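Hello,

Here is the structure I promised to pass on to you.

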Amino acid sequence: MVCFKCRDYVSDPRLEKIRISQIESSGLIAHFPGMPIYQHEHDAETCRSLAQDCRTPSYKATTGLKGLINMGSTCFMSSIIQTIVHNPFIRDYFLSGHHLDCERGKDTCLSCCVGEIFQDFYTSTSTTGFGPKSLLTAAWRVKRSLAGYSEQDAHEFWQFLVHQIHKNDTKSNRYKFNKESTPALETNGNGTANGNGVNGMSGMLLKKQGTEYTCDCITHRVFSGQLQSTIICSQCSNKTVTVDPMMDLSLEIQEKRAAVNGKTPATNGVVPLATLQDCLSKFTKPEKLDVLYQCETCHKKTEVTKQLKIKKAPLTLAIQLKRFEHHLAVSTKIETHVDIPVMLDLSHCLLLFVILDQLTLVIISLWLRIEKAFGSSLTMLP
């Protein structure tokens, strides 16, 4: 749940028990693959032990508000650390001690370094800036292209960091099975590679469950989703659907518009997108491709329209704004300001049946509550 007053995620063990019991009693557990059920939240003995042996941190410590010291062109790292530190799901994972059993230490394990940052941000009342020295040096050891004090791409570092957290999740089945191996490519169930998928991140999807690739690590439970691409033939309206895993979305912050009544926009046909909602709308709107596509129904090359939609939304949707244009060997930064809303509406980005499926689950949940309160004499209309 989200508290609208403080804009933070809130929960309570009693609410978690009600949620799990309703899902189990309704027989819809199959609709929740990889649903996190934390048994320690329902263990009375563990709760008593925590209350007795742990101290309650001060309010200032729980906010996690602290600056990061620039250690020489490390702005890219600081921005990513702040997004990770203030993600409620990643925060709860580290603060609940899920990575304390790692044997590698901060020299080569970036997850241990991230755990150190969480400990400093959420247990200390000091507002003095924190220098992520351990994370920086460990990143240099693990990925040599990061070594030195040159500027780096923040999005590439985010992909690198969440991949390391995925590899080092000591509670995941993949880690328990083989601590060293991490396939670079997604496999299709028989050990052959399928390719890099969306944004090159599909290599982290390791286990196939039904028709979906899943992983029970904290990275995939938080950031993993599915993106559906639909190509429509202009002649026979045949649809070719492809579903790819996604860990983030890369959005354009400007678009080219055709001339209206013979007049081209003053910005050479390029119009900036003012809000994040506009960027998402551009990403998901139908686009006529410039190349001809071999239609399987017409058996000839035809013009097609392509549209992207989110088939499965992740708990946390990571978005990168494309702020650089590349022309030959020259890169130019786009200085367009993009407004970020407090609440982001994704309904126009999702497939219709996903929205209806979520609505059905809400209706069933409400019906179970009514039936429990008034008895089973009520009849549910189709």
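To begin with, in which helix does threonine 284 lie? Threonine 284 belongs to helix H11, which covers residues 276-284; helices (H or I, at least four residues) and strands (E, at least two) are DSSP runs, numbered from the N terminus.

Before going on, please note that this is a predicted model, in which local features need pLDDT of at least 70, side-chain atom pairs count only at pLDDT 80 or more, and totals for chains, interfaces and linings use all residues. Residues are numbered from 1 along each chain as its sequence is written, and side-chain values use heavy atoms, with hydrogens and water left out.

Threonine 284 is buried, because its relative accessibility is 5% (buried means under 20% relative accessible area, exposed over 50%, partly exposed in between, with a 1.4 Å probe and protein chains only). Setting aside neighbours within four places in sequence, threonine 284 has contacts (heavy atoms within 4.5 Å) with Gln307, Leu308, Lys309, His348 and Cys349.

Next, the sheet. Four strands form an open sheet in the order S8-S7-S15-S12, with antiparallel pairing (two strands pair if DSSP finds at least two bridges between them). Strands S8 (239-246) and S12 (287-288) each have a single partner strand, so one side of each lacks a neighbour in the sheet. Antiparallel strands S7 (residues 225-233) and S15 (residues 304-312) are joined by eight bridges, and glutamine 226 is opposite lysine 312 in S15.

Finally, tyrosine 59 sits in helix H3 (residues 59-63) and is exposed, because its relative accessibility is 69%. Its C-alpha atom is 9.8 Å from that of threonine 123, 64 residues apart along the chain.

Best wishes
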